[in-house]
Amino acid sequence: MATKVYVVYYSMYGHVAKLAEEIKKGAASVEGVAVKLWQVPETLSEEVLGKMGAPPKSDVPIITPSELAEADGVLFGFPTRFGMMAAQFKAFMDATGGLWRTQALAGKPAGIFYSTGSQGGGQETTPLTAITQLVHHGMIFVPIGYTFGAGMFEMEKVKGGSPYGSGTYAGDGSRQPSELELEQAFHHGKYFAGIAKKFKATA
C-alpha cells in the first residue's frame with residue numbers, strides 16, 4: 001500500500017499555497033507515496049476577507065480533523081501572526097481534541113512550513129511554537145535540518161525557511177516565493193515523504 005502524505009495548510013494571500021504545491025510535487029516524486037493537498041476551514045467572513053484584499057480560495061478540498069488520522073504523515077503549513085501560526089490554523093488544531101483523546105495521531109511523522117512578512121518576523125519562532133501542537137498529539141517532528149545543502153547557507157539572496165522547515169517571505173504581500181524557496185519546498189516534500197515511507201515500512 002502507498003504511504004499517504006497529507007499536506008494541510010492555511011493560506012490567506014497564496015504564499016503558503018504556493019509552497020504547498022511545490023511540497024506536494026516533491027513528496028510525489030518519491031516512489032510509493034501518494035500525496036493529497038488539503039486546506040483548513042476559513043474562520044473569517046467573506047466581507048472581512050474582502051476588506052483585507054484576500055483573493056478567493058482555491059478549489060483544494062477542506063479537511064475535517066478526523067481525516068488527519070487517515071494519513072501516514074502530515075506536513076502542516078501556515079502564515080505567521082506575531083511569531084506564531086495564524087488563528088485559522090490554530091482553530092483547526094483546537095478542533096482535534098477527539099484525535100488527542102484517542103491518540104490517533106501518535107507516532108505519525110509531521111513537518112512544518114510557513115510564510116512570514118519579514119526576516120525577523122518568525123521564520124524560527126513560528127515552527128518552534130507550533131511544535132507544541134505535535135507534541136501533545138505524540139507526533140514525531142521531522143525537521144529538514146541542513147539536508148537542503150548549500151541552499152541553507154545562501155547569503156546573497158533573501159531566502160525563507162530554516163532547519164525547522166521550508167518557508168518564504170511575503171514582504172508587504174507583493175513578494176512571491178523565489179525559485180530557491182520553491183526548490184527548498186520541493187526538497188522538503190521529498191525528504192519528508194522518504195522519512196514517512198520508512199516509518200510506514202517499519203510500523
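Start by selecting F76 and F89: both are buried, where buried means under 20% relative accessible area, exposed over 50% and partly exposed in between (1.4 Å probe, protein chains only). Keep in mind that this is a predicted model, in which local features need pLDDT of at least 70, side-chain atom pairs count only at pLDDT 80 or more, and totals for chains, interfaces and linings use all residues. Residues are numbered from 1 along each chain as its sequence is written, and side-chain values use heavy atoms, with hydrogens and water left out.

**Stop 1: the rings**

How many aromatic pairs does the structure hold? There are 5 aromatic pairs; rings of Phe, Tyr and Trp (its six-membered ring) pair if their centres lie within 6.5 Å, and planes under 30 degrees apart count as stacked, over 60 as edge-to-face and the rest as tilted. F76 and F89 make an edge-to-face pair, at 5.8 Å centre to centre with 80° between the planes. This pair links distant parts of the chain, with F76 in strand β3 and F89 in helix α3, 13 residues apart. Helices (H or I, at least four residues) and strands (E, at least two) are DSSP runs, numbered from the N terminus.

For another pair, select Y146 and F153: their ring centres are 5.4 Å apart and their planes are at 25°, so this pair is stacked. Y146 is partly exposed, with a relative accessible area of 49%, and F153 counts as exposed at 56% relative accessibility.

**Stop 2: helix α3**

Select residues 87-94 to show helix α3, and colour Q88, F89, F92 and M93, which are buried. Why do these residues lie on the same side of α3? They cover an arc of only 140° around the axis, which puts them on the same side; the arc is that of the directions from the helix axis to the C-beta atoms. On the face turned away from the buried side of α3, look for the exposed residues A87 and D94.

Next, show what the buried residues of α3 pack against: β1 (3-9), β3 (73-81), β4 (84-85) and α5 (125-137).

**Stop 3: T126**

Move to helix α5 and pick T126. Is T126 buried or exposed? At 0% relative accessibility, T126 counts as buried. The T126 side chain reaches the backbone oxygen of G122 at 2.7 Å. Leaving aside neighbours within four places in sequence, T126 is in contact (heavy atoms within 4.5 Å) with F78, T80, G83, M84, M85 and Y114.

**Stop 4: strand β5**

Y114 belongs to your next selection, strand β5. Select residues 109-116, where 8 of 8 residues are buried. In a regular strand the side chains alternate between the two faces of the sheet. Here P109, G111, F113 and S115 point one way from β5, while A110, I112, Y114 and T116 point the other way.

Which strands pair with β5? β3 pairs with β5 in the parallel sense over 6 bridges, and strand β6 (residues 140-141) pairs with β5, also in the parallel sense, over 2 bridges. Two strands pair if DSSP finds at least two bridges between them. Click on A110 in β5: A110 is the bridge partner of V74, and A110 also stands opposite F141 in β6.

Definitions and conventions: Polar contact = N/O pair within 3.5 Å; in protein donor to acceptor, adjacent residues only side chain to side chain.
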